Number of protein chains: 2
Amino acid sequence: MAACQVKFMPESRTIEVEEGTSLVKAASQAGIYIKSGCGAKGSCGACRVIVLSGEPEVRGTGKLTPEDIARGVRLSCQTFVHGDVTVEVPPESRLQEHQVLMEDVQKGGLLQETEQDLLDKFSLHPLATKVRVKLSEPTLTENASDWARLQLELRRILAAGVKGVDIPLSVLQTLPEALRQAQWDVAVTLTEGEDKYTVVRVEKGNDRPPYGLAIDIGTTTVVVYLVDLSNGRVIDKQGTYNKQAKFGDDVISRIVYAVDAPGNLQEIQRAVIDTINGLTEQILSRQKLEPADLGAAVVAGNTTMTQLFLGVDPRYVRLEPYIPTMNGVPPLKAQEIGLKMVSEGLVHCFPSVASYVGGDIVSGTMVTDMANGEEIVLFIDIGTNGEIVLGNQDWLVSCACSAGPCFEGGGILFGMRAMPGAIERVYIDPDSLDVSFKVIGRILPVGICGSGLVDALAKLREAGIIDRAGNFQMEHPSHSERLRLTPDDKEFVLAWAHQAGGDKDVVITENDVKNLIRAKGAIYAGIRSLLTMVAVDVDMISRIVIAGGFGNYLNVHDSVEIGLLPDVPAERYEFIGNSSVKGARLALLSQNAWHEAAELGKKMTYIELSVGTTFMDEFVSALFLPHTDLSLFPSVVS
Amino acid sequence: MAACQVKFMPESRTIEVEEGTSLVKAASQAGIYIKSGCGAKGSCGACRVIVLSGEPEVRGTGKLTPEDIARGVRLSCQTFVHGDVTVEVPPESRLQEHQVLMEDVQKGGLLQETEQDLLDKFSLHPLATKVRVKLSEPTLTENASDWARLQLELRRILAAGVKGVDIPLSVLQTLPEALRQAQWDVAVTLTEGEDKYTVVRVEKGNDRPPYGLAIDIGTTTVVVYLVDLSNGRVIDKQGTYNKQAKFGDDVISRIVYAVDAPGNLQEIQRAVIDTINGLTEQILSRQKLEPADLGAAVVAGNTTMTQLFLGVDPRYVRLEPYIPTMNGVPPLKAQEIGLKMVSEGLVHCFPSVASYVGGDIVSGTMVTDMANGEEIVLFIDIGTNGEIVLGNQDWLVSCACSAGPCFEGGGILFGMRAMPGAIERVYIDPDSLDVSFKVIGRILPVGICGSGLVDALAKLREAGIIDRAGNFQMEHPSHSERLRLTPDDKEFVLAWAHQAGGDKDVVITENDVKNLIRAKGAIYAGIRSLLTMVAVDVDMISRIVIAGGFGNYLNVHDSVEIGLLPDVPAERYEFIGNSSVKGARLALLSQNAWHEAAELGKKMTYIELSVGTTFMDEFVSALFLPHTDLSLFPSVVS
C-alpha cells in the first residue's frame, strides 16, 4: 500500500496514512475528532469537511447540495485518499469538549460538592485504603516468609479478624525487593472486598493518601473525578466526548457498529477505554501523580455503555426481547480492561436493571436517596433515552422511553449539543415575532441545543406560531418575514445569517417541531405509564429529581408549558446534574453505598413499556402541546 | 549476526542459530536436552559432546582430558559456533525420560491406585464440577439478563444457598452466543472456592465429566496426572525431566541462574511451564480432549520450584536467613501463568512451610495421614535434599538437610540417574571380590544410580573393601585386580569396560565413597536432630514412611547397614513413591483434603538445622559406617 500525506487545516497538522483510508479515520489518527450521527454510513451529513487540494475518491455525497459539492465540501466518512490531500475541518463538524464539563474544569482547584449530606450519611469507608507498615527484619529464628510477615502486621493494623488479607501473584512478585529496598518500612494499598482485603501495591513507606477514580461513561460524554480516598474530597475532574461518538451518536448505532464486523467490538471498547485513560492522564499530570497511585475505580454507565466498556457483545440489548448479558459483574482488575491505574486495583461497575435502565440510573437513584424514605420520589434522567424511576423505601419501579436524539441536537435541522455557538435561551415577541436569544460562549450562534429547543417550542406556541399539534400558522397576524415557506418545509428564522456564525439563517422547521413533540411526548408518556401502572397520582409525588447534562439547564416553566414534565409546583423540582458520576464517587468512598447500589439494582422493578398498550395510548395523547387532556396541566394557559 | 547451521547426530537434525550461540543452547533449540550440573559454568563436565566437523570457538575445557579433547570432545556450554558445525550428542550427556515415569506410562490405560483409602476418607468433592443446565428462553415479560437467568438456575442446582456464584469477564463475554447457539441447553464447568463458585466454561449441553490435573514439579522430574473429577480416577499420567535442568541440577544452581541476569527468571519459569504443558498436550492428545476440558489443577513442588513456577524471585531462599517470599498463594487463574487448561480454571499450589520444606512435603505429609492419629510417624523424602517430618495429630516438626546430589548420581564419577544403563543392585563376593549387578533396562551398564550406590556402599563395607570411615583397604586379602590405585584416587571396578556400555571400566572411587558417607550422614543427622529436639526415641516411632523416586527402589537392609536410615524393624518401613503428586490428586478431588493441606502447612513447625550445634554434632558422628555410636545400630554386624 502506498502512503498518502493528509494535511488538516486550520491546524496544519499532517499525518501519513495508507492509501484507501477514509478522511474521518485519518482525522482520528491525527487526533482530530469529527462528528458522526450515522456510524459512517454517509447518511447523516454531520461529518462534512472541505477538500482544499488533492483528489480523493468520493463514494457518496449523502445530504450535500450541488453548491456544497462545488465548493469542495465532502462527507469525510465517504471520502478516501489515494494521494496527498489537504482538508479543512470546519468547527461545526468537530467533536469538542463539552461545555458543561469544561466549565467545571475551568473553575480549577477543589470543587464545590453538593452531595456532602449523603456522604455523611454513608460514612467514609472507601473501596481502597493505604496503611503504613514497619516490619522487623527476618532472622534465622524469626524466619517467616515475606508475605507471612507482612500479612500478620496488616491483619493487626486492619483488625481484619473476620476478613482475610490476600496478595495477588503480580504484587507477590514485587514483594521481596519492595520490602528490602524500603528497609522493611512500606506503604501498602489495599482494596476491600466483601470477604477479604487484597494488597494491590507495596511501595516505600510514605504518608500520601490513596486515590480513586469516579467515572461516568455517557453515550455522549465521559467524566472522570479524581477523589482523595482518605477524606472523600474531589481533587480534580475532567470530561470530554466519548470517542465512541465516531461510530454513531446513540446506543443503537453503537451496537450496530459493534456487531457489524469482527474486531469492531474490540475497537469500540478501546475507544471508551482510551477516552477514560486520556482524561486520567490529564488529571494525573496536573496533580503530579502516577497511575499506581490510583487504587480503585467506580464506573457508572447505561447498560450498553457498560457492556461496551467490558467488551461484552451488546447485540441482544437491541433485539427483542432486549436481554442484556448481565446486570452486575464482580469487581475487575484494572489490568483486565486496561485502565490506567495500579494494575491489580479493582474497577467496580454499577449494576444495571435492564437493557435500557443501566448503572447510571442505579447510581443516580442512590444519589436521590429516594429508597430511604417514605416520600414518593420521581427521578428522571433525560438524554437520548429518558429513564424514569418512581418509588420510595418500600418499592421502586423503572422504565425507559426512547426520546430520540432531539434534546441532544440530533434530528433537528440546526440542532447541536450544548457547546459554544448553541442557542440555549429564546425569547419571541408575540406581536412582532422579533427574536432575541442567548448563546453559549457569547459567540455568534450556529445552532440550537436541547434547552434552547424546549424554550423555542414553548415560545413558538405562546406566540401562536404553532398550534397545539405543532402545525405552523402561516397566517400569523404579524406577517413576519421570519415565518416562511421553503420548497421542503415551513420554518421560523431564529437568527438571520448576518447574525449567525455560519453562512445561513438559523431556523426551526415544522419537521423539527414535530420531532420535538414526539420526544417530549415519549418522556411524558413514560412518566404517565409508570404512574398509571402503580396507581400513583402525580400529586402524591413529593419530589421530582431531574438529572442529566440537559437537566442542569432545563427551564421548568417551559418544560411544563410544552408538556414535557408534569404540572406540579416548581418547588418540587430538583436538578442534580450528572448524578451518575456523583453516585460513582459515593460508592468509591463508602462500602455501604456500594452495597446499597447493588441492592438498588435488584430492588428496582423494570417495566417494559413495549408490553401492552398503556404506553402507546399515553404517547398518542401526549402528542399535543401540552397534552390532549388539559386537566393534567391546570397551570398552562392554552 | 550471521546464521550458522548446527547439525546434531545421530538424529541428523539441523538447526539454524545466530553466530556466537553455545552448543548447549543450540541443542535446546533443536529439542535435544543436554545435562548440566553447574548451570553452564563449564565446571561439572556433564554436557560433553563430540564435534564431528566445523571449528567452533572453545572457551573452556573444564574436566576434559587431553585424550578427550584430541578425539573432539567439547563442553557444549563452553563451545560457541561461528560457522557450520556437526556435533554428536552421546547418550550419557542427554536428559532422558525418567525410568520410573516411563514405566508407569508404559503400563497404559487405567492405573492402579494405592491411595484409595485416603480418598474414601476425604470423600469426593472436587475443586471443579460440571453441571447440565437447561434454561427457558427469555421473553419480553421474562426478561432477566442472560447471566441472571443462568445464575438463578445454577444456584438451584448447586443448592448454593450460602455460597455465591460468580462469572468472570472473559466467560461473560462468551455467554450470549454460548447460550443461544446451544439453544439454552448448556454444560457449565465451575470451580469452587471457599466463599463462592466461579463459572469457568459454558459449552453446548453434554454429559462429559470435568477433568483436572495433579502436577508434581520436582527439581529433576515433572509428573502430570489426568484425573476424572466425577469419580476420582486417574485416566492417564505422564512424566519427564524438568526442562529447567539445563540451567543446573539442583535448586541452588537454578536460583543462581534465575537471578543472574534480567530475563532469566522469566526464562526459567517458562521452562517449567513448557514442561508441564508438553506433558499435558501428550495426555490430551492420547485422550482426545482439549485444554478447555481441564477445569482445575493442583501443583506440588518444593519452595524454590513453586516460586520459579510462579515467577517469584527466589534469591532470598538461598541467602541467610533463608526467607521464602510466601508460603501459600491464593488459587491462580490458569491464564495468569499460561497453563494449558480452560483459561479461568484455578491452579492451586500447595503451601510450603519454609525455604527448604515445600509444598511437595506438605502434600506428602497429607498422604501419610500422620496428622490424623496418635501414632508417631517419621516421614522422609530423600532426594538432593532430605526433608523430614515427625509427629502425629498433636504436633508436627520438620527440617531439611542437604544431602547433596549423590543419591541422584551427582558428584559420583560414574553416578547417573535411575534410567536405562544404571546399575541399581550390586553383589560382591567377599572372598574373590567378584561382582554381579542388575542394570535398569537390562542393557550394558554405563553408570550407577542412587539405589545402586547405597547397595554398593553396604557391599563394599561387608566385603571389607572399605573401613568404617570409608577408607579403601588396598591390602585386601583377595588381591583382586578390581581394587586398584590410579594417579587420582583409589577405586573399585564394578564393571569392566568389556561388560560396559561405554568404553571405560565403571568404577566407584574412594572420593565417591566419602561423598556418599557425607550424604547418608546428613540425612541420618537430620533425623537424629529432629528426634533429639522433641525428645522422641526412635523406638517410639510406629511408622517410617519413605517417599521420593529414589525411595521406591531403596533397599531397607542396605540403608540401615550404611547408617542412612534408623535401625528399626523392617516392617515399620513403608514406601509411598511420589507422594507429592498423590497428594495433589487428593486435593484436586476433595475440598477437605485441600483445606487439610492448608492447615498442615500452618501446623508444621520448621526447625532450622543451621541454628545451634545439634545438627553439626550429629553429622560428624554419622560420618562412619554405620555410625560412631554403634548402639544406635544393634542389628548391624560391624
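In the loop of chain B between helix 11 (315-318) and strand 16 (332-333) lies Pro321(B), where helices (H or I, at least four residues) and strands (E, at least two) are DSSP runs numbered from the N terminus. The peptide bond that joins Glu320(B) to Pro321(B) is cis, with omega of about 5°. The model is a predicted one, in which local features need pLDDT of at least 70, side-chain atom pairs count only at pLDDT 80 or more, and totals for chains, interfaces and linings use all residues. Residues are numbered from 1 along each chain as its sequence is written, chains are lettered from A and ligands numbered from 1 in the order in which they are written, and side-chain values use heavy atoms, with hydrogens and water left out.

A cis peptide bond is also present from Leu625(B) to Pro626(B), with omega near -5°, and Pro626(B) belongs to the segment after helix 19 (614-621) of chain B. In chain A, Tyr322(A) is not a glycine but has a positive phi of about 60°, and Tyr322(A) is situated in the loop between helix 11 (315-318) and strand 16 (332-333) of chain A. Most residues other than glycine have a negative phi, and most peptide bonds are trans.

Chain A is divided into domain 1 (3-93), domain 2 (127-204), domain 3 (368-403 + 521-631) and domain 4 (406-516), with bounds that come from an automatic or database domain assignment. Taken over C-alpha atoms, the centres of domain 1 and domain 4 of chain A are separated by 29 Å.

An open sheet of 5 strands in chain A has the order 2-1-7-3-5, with mixed pairing; two strands are taken to pair if DSSP finds at least two bridges between them. Its edge strands, each of which pairs on one side only, are strand 2 (13-18) and strand 5 (73-75) of chain A. Neighbouring strands of this sheet are turned by 40° against each other on average, direction ignored, the axes being lines fitted to C-alpha atoms, for helices over the stretch in contact, with angles that run from 0 to 180 degrees between N-to-C directions. Strand 1 (residues 3-9) of chain A runs antiparallel to strand 2 of chain A and is joined to strand 2 by 6 bridges, and Phe8(A) has Arg13(A) as its bridge partner in strand 2 of chain A.

In chain B, 6 strands form an open sheet in the order 28-27-18-19-20-29, again described by mixed pairing, and the edge strands, which each pair on one side only, are strand 28 (573-577) and strand 29 (605-606) of chain B. Strand 18 (residues 376-382) and strand 27 (residues 541-547) of chain B pair in the parallel sense over 6 bridges, with Leu378(B) opposite Ile544(B) in strand 27 of chain B. Helix 13 of chain B lies across strand 18, strand 19 (385-391), strand 27 and strand 28 of chain B, and runs at about 140° to strand 18 of chain B.

The axes of helix 13 (residues 359-368) and helix 17 (residues 579-589) of chain B come within 7 Å and cross at roughly 75°. These two helices of chain B, helix 13 and helix 17, are therefore roughly perpendicular to each other, where angles under 35 degrees count as roughly parallel, over 145 as roughly antiparallel, 65 to 115 as roughly perpendicular and the rest as oblique. Among the residues of helix 13 of chain B that meet helix 17 of chain B are Asp360(B), Met366(B) and Val367(B), contact meaning heavy atoms within 4.5 Å. By class, the contact of helix 13 with helix 17 of chain B has 5 nonpolar, 5 polar and 2 charged residues, where Ala, Val, Leu, Ile, Met, Phe, Trp, Tyr, Cys and Pro count as nonpolar, Asp, Glu, Lys and Arg as charged, and the others, Gly among them, as polar.
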